[in-house]
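Have your viewer open and your selection tool ready. Here is a short tour, stop by stop, with a note on what to select and what you will find there.

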Amino acid sequence: MILMKDIIREGNPTLRATAKKVSFPLSQEDRDLGKKMMKYLEVSQDEKLAEKYHLRAGVGLAAPQIDVSKRVAAVLVPDNDGSIVFKDVLYNPRILRESVKRAALNEGEGCLSVDRNVAGLVIRTDRITLEYYDVNGERHEIKLENYPAIVVQHEIDHLNGTLFYDHIDKESPFKLPENTIIIE
Ligand SMILES: CNC(=O)c1cccc(C)c1Nc1nc(N2CCN(c3ccccc3Cl)CC2)nc(N2CSC[C@H]2C(=O)NC)n1
Ligand code: NI
C-alpha cells in the first residue's frame, strides 16, 4: 500500500522529468501500479483510514509522485454528496482540445508532493477533451469541465514535470485574468 513515505517531494528530480509512455498490453507491473495509486486515493479520502495511515487526502495521483516516471495517473473525484464525478486510472493521457475559457480553484491548489501552502490562482483551462487508455487498453475520448478538468490537468502536468505553482502569476498571484472563471 502506498504511504506518505512513498511520495516524493520537491527537490526530487523525478518530479521535474518527462515521464515515459507505457506500452500495451500492459505488463502486470503497470496494471498493479494503477491499482495501488487508485487505492491510495480511496484510502486517503476515507477520514478514518486516512488518519490511521497518516495519509494526505487527494483526488489525483501521478506515477512520478511515487518515483515511477511513467505516463500513468489515478483520478478519483467525488462530489460533495459523496457520489463519484470521475474515477479512472489514465494510461498515456493526452489533452486533445482546450477551451478558450480559463478556470482556477478559488482556494488555490494543493499537491501531495509539495509540503507547503503556495497561495495564488492556478490558471487552467475550464473545459478539456481528454484522450486516455484504460487498464484494458481501451481508448477513451471524454470531455471534462470545472473541477474534474482541473484535477486531470494537474495530474497530466506531473507527467510533464510541471508543478501547480508554475502556473501562478508571481507578480500578482490573485489577479483574475479575463475569460477566467473561479471554481468554488
Ligand atoms: C492551497 N489550497 C488548497 O489546497 C485548497 C484549500 C481548500 C479547498 C481546496 C479545493 C483546495 N485545493 C485543493 N484541494 C484538494 N482537495 C480538497 C480536499 N479533498 C478531500 C479531503 C478530505 C476527504 C476527501 C477529499 Cl476528496 C482532497 C482534494 N485537492 C487539490 N488538488 C489540486 S488538483 C489535484 C488536487 C489534489 O488531489 N491535491 C492533493 N486542491
Ligand atoms: Ni500534485
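A residue counts as exposed when its relative accessible area is over 50%, and as buried when that area is under 20%. Keep in mind as you go that this is a predicted model.

**Stop 1**

Select histidine 54, in the loop between α2 (47-52) and β1 (60-62). Is this residue buried or exposed? Its relative accessible area is 63%, so histidine 54 is exposed. Now check the backbone: phi of histidine 54 is near 55 degrees, a positive value in a residue other than glycine. Most residues other than glycine have a negative phi.

**Stop 2: an asparagine to set beside it**

Next, pick asparagine 92, which belongs to strand β3 (residues 84-98). Phi is positive here too, near 50 degrees, and again the residue is not a glycine. Asparagine 92 has a relative accessible area of 9%, so it is buried.

**Stop 3: a cis peptide bond**

Move to the segment before α1 (28-44), where you will find proline 25. Display the bond that links phenylalanine 24 to proline 25: this peptide bond is cis, with omega near -5 degrees. Most peptide bonds are trans.

**Stop 4: a leucine in a strand**

Select leucine 130 in strand β6 (residues 127-133). Its relative accessibility is 0%, and therefore leucine 130 counts as buried.

**Stop 5: the ligand**

Finally, centre the view on ligand 1, which sits in the largest pocket. Show its surroundings: 16 residues surround the ligand, and Val59, Glu107, Gly108, Gly110 and Asn117 are the closest. By class, this shell has six nonpolar, seven polar and three charged residues. Which helix gives the most to the shell? Helix α3 (residues 146-159) does, with three residues.

- Glutamate 107: a backbone N or O atom lies 2.7 Å from a nitrogen atom of ligand 1.
- Glycine 110: a polar backbone atom is 3.0 Å from a nitrogen atom of ligand 1.
- Glycine 60: a polar backbone atom is 3.5 Å from an oxygen atom of ligand 1.

Key: Residues numbered from 1 in each chain as written. Chains lettered and ligands numbered in written order. Predicted model: local features only at pLDDT ≥ 70, side-chain atom pairs only at ≥ 80, totals over all residues. Heavy atoms only, no water. Near = heavy atom within 4 Å. Polar contact = N/O pair within 3.5 Å; in protein donor to acceptor, adjacent residues only side chain to side chain. 1 Å grid on protein atoms, 1.4 Å probe; cavity = no way out; pocket = protein on both sides within 12 Å on 5 of 7 lines; lining within 4 Å. Sits in = over half its atoms within 2 Å of the grid points. Helix = DSSP H or I, 4+ residues; strand = E, 2+ residues; numbered from the N terminus. Nonpolar A, V, L, I, M, F, W, Y, C, P; charged D, E, K, R; others polar. Buried < 20%, exposed > 50% of the residue type's maximum accessible area, 1.4 Å probe, protein only.
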